[in-house]
Amino acid sequence: EISAHMVPLNPRPFSKIIRNSCIVNSERLVVDITDVVESADHLAIFIANPRAEGFSELAASVNGLQRWFQAEGVKAQVIFACDSDISESFEKALKEDLPDCLAFLIDENARCELQCLWRLHTTPSLVTVDAKSGTLVRILFHALQVSLTEEKEKFPWALPDVPTLPEGLGHMERHPSLVVFRSSSGDLEPSLVEDLQALSQLEHRKRVESGVGTANERFPLVFLAADP
């Protein structure tokens, strides 16, 4: 859990957190995080407790994702953020369960700060981030195992800018939303679609920056629906 005295009132942006953290490989050797960030399009931050039930099985899937990146030439890197202060558990997890991944050193406050930045209260979780800008792409927890085993090719699992119904119905039950009905006789004008995407991204950004809800609920506020 996040200790009260460790919670930063104003977490730094992701780019500053990652560039000012000590990152190691499975041999506990420090890596040049600048090189990692510059050579990757996306980073996948795996936050989990090695002592939790089912960790080894899930970690094997996460390590499999990193191996898939390497085999397919995907410019991405998994970085483990240990949700535990037991050094033996951290070392065992990194060496045996996540040998192809990198990790924040266990004595770093980065994991705590990242959880606060993303308002993340559920672990294990996998957070995908744009490596260059530090922009949050997606947080996975409930569907994590399915995404790792059956949907690797969809990485980084970005949500669509303007999804179609019924996707997002749960969001609509909690938040005001705009639904645009598309005529069955033709497609929407490209300029209108671009405007809807811009509106969706703007509302999305405002929600994330203002802290409304949680990062796990970062659904766009604009949806398309077929004309009944």
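Tutor: Two strands pair if DSSP finds at least two bridges between them. Strands (E, at least two residues) and helices (H or I, at least four) are DSSP runs, numbered from the N terminus. This is a predicted model: local features need pLDDT of at least 70, side-chain atom pairs count only at pLDDT 80 or more, and totals for chains, interfaces and linings use all residues. Residues are numbered from 1 along each chain as its sequence is written, and side-chain values use heavy atoms, leaving out hydrogens and water.

Student: What is the order of the open sheet?

Tutor: Its 6 strands run β1-β4-β3-β2-β5-β6, with mixed pairing.

Student: What makes β1 and β6 edge strands?

Tutor: Each pairs on one side only.

Student: How do you know that β2 and β5 pair?

Tutor: Strand β2 (residues 42–48) and strand β5 (residues 125–130) share 6 bridges. At least two are needed, so they pair. They run antiparallel, and Phe-46 faces Leu-126 in β5.

Student: What joins β5 to β6?

Tutor: 4 bridges, in the antiparallel sense. Val-129 is bridged to Leu-136 in β6. The two strands form a hairpin with 5 residues between them, and Gly-134 in the turn has a positive phi of about 80 degrees.

Student: Why is β6 called largely enclosed?

Tutor: Because 4 of its 5 residues are buried, where buried means under 20% relative accessible area (exposed is over 50%, partly exposed in between; 1.4 Å probe, protein chains only).

Student: Why is the pair of Phe-69 and Phe-155 called tilted?

Tutor: Rings of Phe, Tyr and Trp (its six-membered ring) pair if their centres lie within 6.5 Å; planes under 30 degrees apart count as stacked, over 60 as edge-to-face and the rest as tilted. Here the centres are 4.7 Å apart and the planes stand at 55 degrees, so the pair is tilted. Phe-69 lies in helix α3 and Phe-155 in the loop between α6 (144–150) and α7 (169–172), so parts 86 residues apart in sequence are tied together.

Student: How do you know whether Phe-69 and Phe-155 are buried or exposed?

Tutor: Phe-69 has a relative accessible area of 1%, so it is buried. Phe-155, at 12%, also counts as buried.

Student: How many aromatic pairs does a search of the whole structure find?

Tutor: 8. One of them is Phe-46 with Phe-80: 5.8 Å centre to centre, 35 degrees between the planes, hence tilted. Phe-46 sits in strand β2 and Phe-80 in strand β3, 34 residues apart. Both are buried.
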